[in-house]
Amino acid sequence: MDSDDTVLSGDHGEHHAPPADKQPAEPANTPGAAQDIPPAVQPDSSANSALQTIVQVNIYRMNYDTPEFLLVKRIDDDDHSWQPISQKMAADGDIAEAIKSALKLQAGLDGYKKLSSEMYTYEWYAHGQQGRDIVFAVEVAMDTGIAIDTSQFSHYLWLPYSQAIEKLKWQGNKEALRRLRDHITAERIAHPPPPSQTRPPE
């Protein structure tokens, strides 16, 4: 989310944004780029109509057996906090379109390997506004290029869970990351990947 939140419910190294004339080339589409984002349950327009709805997208990649999570550093917060990418959504907005928009405009992504269903929803109160974050996760290939929106973010990082959880400031973001970590662990136990994907070649 974009600001201080009070939850009501429910290759390492810092990457600087390149100068405008040296933006990275458009990243190659990863597997899954041609598929449509599956439909998601839309917010109830009659309930919580006053809430500002934000779609939060936690992007991760698998470095063999270790998930790494993408965090971006905002330039419009007083403390320049780190967070996953997110997209504000109008009351009559479409979640699938908000996810596509966040991926494309904030991270330069046209494709992905895997998109989760809705993982977590929580409400927050900040600066006189009440809002709701709806959380999804997207897996991308290890070599996927990132092109952050330099009007919103100054840096990005790929971090393992232990470092990412420390970077995050807001409790809603932390809980979403914990749930994603647990989801990845459970999925890999239920469907073990081949050895070539869990350890580097000797």
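Reader: In which elements of the chain is confidence lowest and highest?

Author: Where pLDDT is low, predicted coordinates should not be read in detail. This is a predicted model, and its chain averages a pLDDT of 80, with 73% of the residues at 70 or above. Confidence is lowest in strand β1 (residues 6-7), with a mean of 37, and highest in helix α2 (residues 161-167), at 97. The pLDDT remains under 50 over residues 2-11, a stretch with 41 contacts beyond four places in sequence. It is also below 50 over residues 18-48, where the model has 47 contacts beyond near neighbours in sequence.

Reader: How many salt bridges does a search of the whole structure find?

Author: The search finds 10. One of them pairs Glu-175 with Arg-178 at 3.2 Å, N to O. These two residues are three apart in helix α3 (residues 171-190), so about one helical turn separates them. Glu-175 is partly exposed, at 23% relative accessible area, and Arg-178 is likewise partly exposed, at 28%.

Reader: Which parts does the pair of Glu-139 and Lys-114 tie together?

Author: The closest N and O atoms of Glu-139 and Lys-114 are 3.8 Å apart. Because Glu-139 lies in strand β9 (residues 129-139) and Lys-114 in strand β7 (residues 114-115), their bridge ties together parts 25 residues apart in sequence.

Reader: Is Glu-139 buried or exposed?

Author: Glu-139 is buried, with a relative accessible area of 8%, whereas Lys-114 is partly exposed, at 34%.

Note on methods
Residues numbered from 1 in each chain as written. Predicted model: local features only at pLDDT ≥ 70, side-chain atom pairs only at ≥ 80, totals over all residues. Heavy atoms only, no water. pLDDT = per-residue confidence, 0-100. Helix = DSSP H or I, 4+ residues; strand = E, 2+ residues; numbered from the N terminus. Contact = heavy atoms within 4.5 Å. Salt bridge = Lys/Arg side-chain N within 4 Å of Asp/Glu carboxyl O. Buried < 20%, exposed > 50% of the residue type's maximum accessible area, 1.4 Å probe, protein only.
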